[in-house]
Amino acid sequence: MDKDEKKTPQGIYKYYENNPDSADEKIFGRVTYPDRRGFLKGAGLATMAAVLGGAIPFHRNMPAGIIPAAFAEGLDDVMIEGKDGLTVLNDRPMNAETPPHLLNDDITPTRHHFIRNNGIPPTEVDAEAWTLTIDGLVDKPMTLSIADLRKNFEVVEQQLVVECGGNGRAFFDPKAKGNQWTYGAVACSKWTGVRLADVLKAAGVKEGAVYTAHYGADKHLSGQEGKLAISRGLPMAKAMSGENLIAFEQNGEPLHPMNGAPLRLVVPGWPGSCSQKWLTRIQVRDQVHDGPKMTGTAYRVPNRPVAPGEKVATEDFDIIERMPVKSLITSPQTNSEVSGSEVMVRGHAWSGDRKVDKVQLSIDFGATWMDAELADPANVAAWQTFSAKVMFPQAGYYEVWAKATDDAGVSQPFAIAWNPKGYLNNTFHRIALVVKG
């Protein structure tokens, strides 16, 4: 093994990106079989155990070419004003994700809500003077202040999941361009606002309406006046569903500046890019909206399964709508050492605009599964909390895997359904634990 192959876990991760089978063999002495199952030679197993801090009781079940979960993360906490513990992926525009253990709350605190920006947020914001225009294919175009929204429409409070369409992109092979989100571009805060549908009904949507178009006050990274950073929209059927909010509060307080203050859309169950921040205008159109990040391949996936690395023609991409079924283990924190044979495992599961039916856990690399206790959602489009007491048969290194199944019978897959833009990764979540006797 050369010196480049003897690096820290992050070096191992890079090595696995390039050639996972070779990494298995050269780093840990793994013998790979055609069915993608294998075992570790004595020397390789000893090496891995030394790195991980303990024996691996179920090592014979480990799929070949998979990086141990202990090596798959290495996030460094950074401080952002009003935020706590987020990991910055990009500072222009600002994008930051939340480590899974900081998402353990049923309601995500504002300080732990991820940041996904496309442009430069407005710096001078006066909530009292802020207005929202509703126009286009409507009977009564309106310009409303936040006070008008509060006065003229029913104010509701809902726990709603917001997730970036690229959450999980970091695990694609070949790599996809864009922010390399791991698991933390998701949150379920409590949002206060008025229903988007109520406002559209008040404006009187005309016959022939096809799509909404959303506009915000953030500027394009170029700084060019009038150039939009992002402007996405919704089909009218989705726009008129009752769970979408025009929100002015998050967790009982004004919105955080990085999360769209003073006014934003919250469109749960669809890519977070539909939830326009710093909202200033909603236009009703007679065609599918063609604003920035609505055309080409942005927030689109191929209309058929494709092989990893396959080139796909632009006309063969479809707009992403509902997000897939997913789960996230939030406790214990990955790479933890735990004492005793029994550990409480906890997390959340969600599935676009569906309800999750069950969550299952595995500690033997998917050979067997156990059912977790699953709570009902607080309301439509909120995530659901799961928990289970997990028994470990002996001391050593374990991975806890989580798999959710929604009420349409759709489960999370083991392998990524690769696509060129790195969207919609909903594979099992894995955490690493070392159990001490």
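## Strands, a loop and a cavity

Strands β24 and β25 pair in the antiparallel sense, with 7 bridges between them. Two strands count as paired if DSSP finds at least two bridges between them. Strands (E, at least two residues) and helices (H or I, at least four) are DSSP runs, numbered from the N terminus. This is a predicted model: local features need pLDDT of at least 70, side-chain atom pairs count only at pLDDT 80 or more, and totals for chains, interfaces and linings use all residues. Residues are numbered from 1 along each chain as its sequence is written, and side-chain values use heavy atoms, with hydrogens and water left out.

Stay with β25. Its residue L433 stands opposite Y398. β25 also pairs with β18 (residues 336-339), here in the parallel sense, over 4 bridges. S339 has K436 of β25 as its bridge partner. Most of β25 is covered: 7 of its 8 residues are buried, meaning under 20% relative accessible area, with exposed over 50% and partly exposed in between (1.4 Å probe, protein chains only).

Now the loop between β24 (396-406) and β25 (429-436), where I416 is found. I416 counts as partly exposed because its relative accessibility is 26%. Beyond its neighbours within four places in sequence, I416 is in contact with F171, F172, N425 and T427. Contact means heavy atoms within 4.5 Å. F428 lies 12 residues from I416 along the chain, and their C-alpha atoms are separated by 9.4 Å.

Turn to another sheet. It is open, has 4 strands in the order β7-β6-β14-β10, and its pairing is mixed. β7 (142-145) and β10 (211-216) are the edge strands, each pairing on one side only. Neighbouring strands are turned by 15° against each other on average, direction ignored. Axes are lines fitted to C-alpha atoms, for helices over the stretch in contact; angles run from 0 to 180 degrees between N-to-C directions. β10 and β14 (residues 279-285) run antiparallel, joined by 6 bridges. L279 in β14 is the bridge partner of G216. Helix α5 (residues 196-203) packs on this sheet and touches β6 (131-136), β7, β10 and β14. The direction of α5 makes about 140° with that of β7.

Last, the cavities. The whole structure holds 3 of 30 Å³ or more. A cavity is a set of points on a 1 Å grid, over the protein atoms alone, where a 1.4 Å probe fits but cannot get out; lining residues have an atom within 4 Å of a point. The largest cavity has a volume of about 200 Å³. Its lining comprises 19 residues, with R116, R264, G272, S275 and K277 nearest the centre.

Terms used: On a 1 Å grid over the protein atoms alone, a cavity is a set of points where a 1.4 Å probe fits but cannot get out, and a pocket is an open set with protein on both sides within 12 Å along at least five of seven lines; lining residues have an atom within 4 Å of a point. Grid points are joined across faces, edges and corners, and a volume is the space filled by probe spheres set on the points.
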